[in-house]
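Here's a quick briefing to read with the model open beside you. Take it topic by topic and click through the residues as you go.

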Amino acid sequence: MNKKISTLLASGLLTVGSLLNSANAQTASIELGKIDAKGTTFYYVKESGGNYLAAGEKVKVSDSYSYTKLNEEVDTEASDENLWSFTKSTLNGKDVYKLTSKKTGAILAFGEKGAVNTFTIESQKLTANDNGLVFNSTWSWGEATSATALTFCKVDSEPYTAEDLNATLGGRGFSLSFPDVKPLENVFDQPMKAFEVAEDELEGVPAGIYFAVSYPKALAASEEFENKAQFDDCTFIAVSPTAHYGIHALPATNQVGFKFTTVKGKDLKTATADVKKEAIYVGNAAFKVSEKDPVNKPGQFSLGFSGAIYVKKDLSKDEQTSKTGVYVDAITSVDVTYVTTTEEETKAKLMFSASSLVKPLSLLKTDGPAVYTIKFVSGKSEVNGNESSEYAKYLGIAKCGTSSSLGLAAQGPAYVSLATPQYQFIISAVTEETVTFMNRENGYFFTCKLYETDTKNVYDVRSSESDFCYFYLDADGKTQKEKEGVNFSGTTIELTAVTVDKFAGYADYSEEDLLTMKFSQKSSYISNDLFASAAKKSGTWKVEAVKEGASKWELVKAEKLIEKTRDYVYNKSNKAEKKEKGDTIAIYKYAVKLYGEENVYLTTESSGAAKVEVVDEDADPTYFVIRENKNGSIALIEAEDSYDDMITVNATYLTLDQNSAELTFAESIYKPGSITLTLEAEELGVSLAPVSRFASFQADLGGFISVNEKNEAVISAVGDTNANLTFWLDSADTDARIPSFFISRRVKDAAADTVKAENAERLYMYFAQDSLMRFDEGSASVVKNQAYQWPSGDTKVIFRPATLVNSDTLNTVVNGKEAVVAAEKDELANVLGGLDYFKYYILKDADSENYYIQSVAKVDNKTMYLRNLNGVLTFTNKPEEALLVALEDGQSTVANEDIEAESSIVVVGGNGTVTVQGAAGQNVKIVTVLGKPVANEVLASDNATIAAPAGVVFVTVGDETVKVAVK
């Protein structure tokens, strides 16, 4: 049969059109007198040789009249071109007919402008006056005496197969009802699935169609049984051999009038010898279905049994007797209608029950894309022990099994992030019946029909040819398993509308963030958390279980985004309208820069290994995107110019090789390994404001940082000379995240502390770790330089004579020779490295008002803190041992009166004001101790008063800075 007929009718959306084939035509004729001549029923017309009368073209004569020409060609197969309705009237005392073509909708006519359109039919011949319809190899109009005798045939009934029945509602489960009556009960008006058994296919099971009201999930996509065991697991509708309605016109003695019931397949008897008492013969569940008249009464069915059934003739006895030729009908007796068995073909109108097919337009939005998350709510009963199902899992994209490609996959809510494109589906296309859901991340899609359920937003899925897999945990709660090849048809889903964030799923970091890389795994073989550090020079990695010493990273955001657009459909005036490139995914990409180093970035090798290397300033570094995972971890993926080239099954992310402890780009983002990466934000503390100043450092346990006679850094008593307690803090790297300082004092016996004098030599605080090892010519070996070690073995902090050229260069003397010290060593230019050992961070302690001093240089990649070791100063990598100091007003050895004497400039603090005298035309800057600007202006007079907040402020006039107390 033509499956379109039942499908379209059941949907209630379309009417039958050109849907017939040769199987619909009967060879037996119907007498003219039995033809419905009211013009409402169509018949085939043919001649005795089997050639059908076919309609030709439709000719429009006027706005009120069109006619159908004769198709002269031979047509040996029945179609709607051969269907005609008859309308009878009387003319001059004779019956005359008009024939209307089903195909064209216009009457058959010939002559000028179709003037001849009414015919007499005598002896099966179609004539009009002296003209007649003639067949002689072809159809033509000829003389009436040569007219050909015609055969009129009604449309035959059309058998239905199990496949036809199941297709009616997309496999959701069809049901049959009698719409013109209200039966007392109707066992067929419930969701059923049809299974077909061929002759001798299953031992003891007669051929026919079996209506299952329940069946194993393994049969969801099939209409046939592979074995008897599958048949036995189903529950079928069958006629009861003992339950009789007691209808007088359908007595049990005629073996009709029986009720229907449901029975398990294993309980149906295959041997007739076992059929007695209440036992039900398997043939009592074997049906046949046909559409009575697909053209004139489409969708109306005849329902009967395919072979013999067994019922009781005498209800009081055990014996059952076979009966053939039994049908199902709705019979009314004493104002009650019963669905029961009869000996005549079904007469009551029997049709598919009303469809609950969802109209796809109802799922669309009118102002944008319709985006949903998809949760499976079917399969709950199948979750048991080591087995599982799709139940409670969300659909997305993953790598299933050993497949080298991606596919649709369902996972539990603990593993999915519903705000990301990986688990969001956009409606990309609809038809009258079907809807296509496309994954926003990868474009994978499935098309299906949806049917309403009793729960809002929950739908049965049918008519999908797509499969998916799902992941689940074994009963041990640890081992992940997966099930492949699960068909969407037969599942039930919950759709939840979501609002799209085009950036969701990928990180948007600020360039102010400073991060460390933490690799984690719950394992007895390695530490749960490992922190990565990179060696700048070698480009190699080291991972340790302690965070201290881990490399810090800056993320440098690229100006250009990576974007992907997709088409979608929306509801525009109740029609589906396509919006091209309407849905957007946007991803920021970053260069990963090693903090504190010039142009050192993370990059990759062709082997997949991760490394760090210096990138030329005019070259682009390697860029990465940061994909956010459900558990708070991230996947660092190398960026590509094209989204489609980047987000693929082969996309790998940065992970830790457990064997080599090296960082590598390995695991697939769609099948992640056990090790996760987290970027942890670093708290760098609050720095002293980057303002050059005089200061003294009072230790929290007493005394001040000072310089002894050997230029060593020590803790001195309060009574030490002012010159030994006061230091000049020269800000460096003022644009860095954390500014650093050179800490210096005037050289001994200097006439004045002229900190801004050109090429002035000063004593600069120096962490001597960089000079700790020296080459001993006598032993020709590298040995420790004892001059730079305290007796405890700790490295000294000393004050080294040097001249500050600029914030990147010092001139000093090393081993009796003049030397230039910079951040990086340059042997060709005779420049030494190690400037960071002269530079320090001065950071606020989180638990007090004090500060601690941290070396910019690291030792073994560990942060070093200034420490008081029994009155002498060294550095330690233990933050809890750091020396805490209070910054006090360090009085310059050049006081205000000295400034006045040399430059006639006087700075005086008052009540809420600062007065500057003798500085007309010069620029004056005032900042608080925290670096907040108060004033920055050129003075117009020699006696300027500037408002300032109470407390200590720094006043800079020209190149000189003094600290002033404001009341």
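**Asn-186 and its surroundings**

Leaving aside neighbours within four places in sequence, Asn-186 touches Leu-176, Ser-177, Phe-178 and Val-339, where contact means heavy atoms within 4.5 Å. This is a predicted model, so to speak of local features takes a pLDDT of at least 70, and side-chain atom pairs count only at pLDDT 80 or more, while totals for chains, interfaces and linings use all residues. Residues are numbered from 1 along each chain as its sequence is written, and side-chain values use heavy atoms, with hydrogens and water left out.

- You'll find Asn-186 in the loop between β13 (176–177) and β14 (193–197); strands here are DSSP runs of E, at least two residues long, and helices are runs of H or I, at least four, both numbered from the N terminus.
- Is Asn-186 buried or exposed? Asn-186 counts as buried, at 18% relative accessibility; buried means under 20% relative accessible area, exposed over 50%, and partly exposed in between, with a 1.4 Å probe and protein chains only.
- A polar atom of the Asn-186 side chain sits 3.0 Å from the backbone nitrogen of Phe-188.

**The chain as a whole**

- The protein chain has 6 helices and 74 strands.
- Of its 967 residues, 50% are buried.
- Take the contacts between residues at least 6 apart in sequence: 56% of them join residues at least 24 apart.

**Cysteines**

- How many disulfides are there? The count comes to 1, taking a disulfide as a pair of cysteine sulfur atoms within 2.5 Å.
- The partners are Cys-400 and Cys-469, with their sulfur atoms 1.9 Å apart.
- The link of Cys-400 and Cys-469 is left-handed, with -60° about the S-S bond.
- Cys-400 lies in the loop between β28 (394–399) and β29 (406–411) and Cys-469 in strand β34 (residues 467–473), so the pair ties together parts 69 residues apart in sequence.
- Both partners are tucked away by the burial cut-off: Cys-400 is buried at a relative accessible area of 10%, and Cys-469 is buried at 1%.
- Two other cysteines to click on are Cys-153, buried with a relative accessible area of 0%, and Cys-234, also buried at 0%.

**Cavities**

Rolling a probe the size of a water molecule over the atoms shows where empty space is left. On a 1 Å grid over the protein atoms alone, a cavity is a set of points where a 1.4 Å probe fits but cannot get out, a pocket is an open set with protein on both sides within 12 Å along at least five of seven lines, and lining residues have an atom within 4 Å of a point. Grid points are joined across faces, edges and corners, and a volume is the space filled by probe spheres set on the points.

- There are 2 cavities of 30 Å³ or more.
- The largest cavity holds about 50 Å³ of space.
- Its lining is made up of Leu-515, Met-517, Trp-553, Leu-555, Val-592, Ile-626, Leu-636 and Leu-679.
- That lining has 8 nonpolar, no polar and no charged residues; Ala, Val, Leu, Ile, Met, Phe, Trp, Tyr, Cys and Pro count as nonpolar, Asp, Glu, Lys and Arg as charged, and the others, Gly among them, as polar.
- β37 (514–520) and β40 (553–557) each give at least two residues to the lining of the largest cavity.
- The second largest cavity has a volume of about 30 Å³, and its lining includes Phe-531, Lys-542 and Glu-548.
- By class, the lining of the second largest cavity has 4 nonpolar, 2 polar and 3 charged residues.
- Which element gives the largest share of that lining? β39 does, with 3 residues.

**Second largest pocket**

- The second largest pocket has a volume of about 1,100 Å³.
- Its lining counts 36 residues, and Tyr-415, Asn-631, Pro-672, Gly-673 and Thr-676 lie nearest the centre.
- By class, that lining has 16 nonpolar, 14 polar and 6 charged residues.
- β28, β46 (623–628), β47 (634–638) and β50 (676–681) each supply at least two lining residues.

**Gly-909**

- Gly-909 belongs to strand β68 (residues 906–909) and counts as partly exposed, at 29% relative accessibility.
- Leaving aside neighbours within four places in sequence, Gly-909 contacts Val-964 and Ala-965.
- Gly-909 and Gly-951 are 42 residues apart in sequence and 9.7 Å apart in space, C-alpha to C-alpha.

Key. A polar contact is a pair of N or O atoms within 3.5 Å; within protein, one must be able to donate a hydrogen and the other to accept it, and residues adjacent in sequence count only if both atoms are side-chain atoms.
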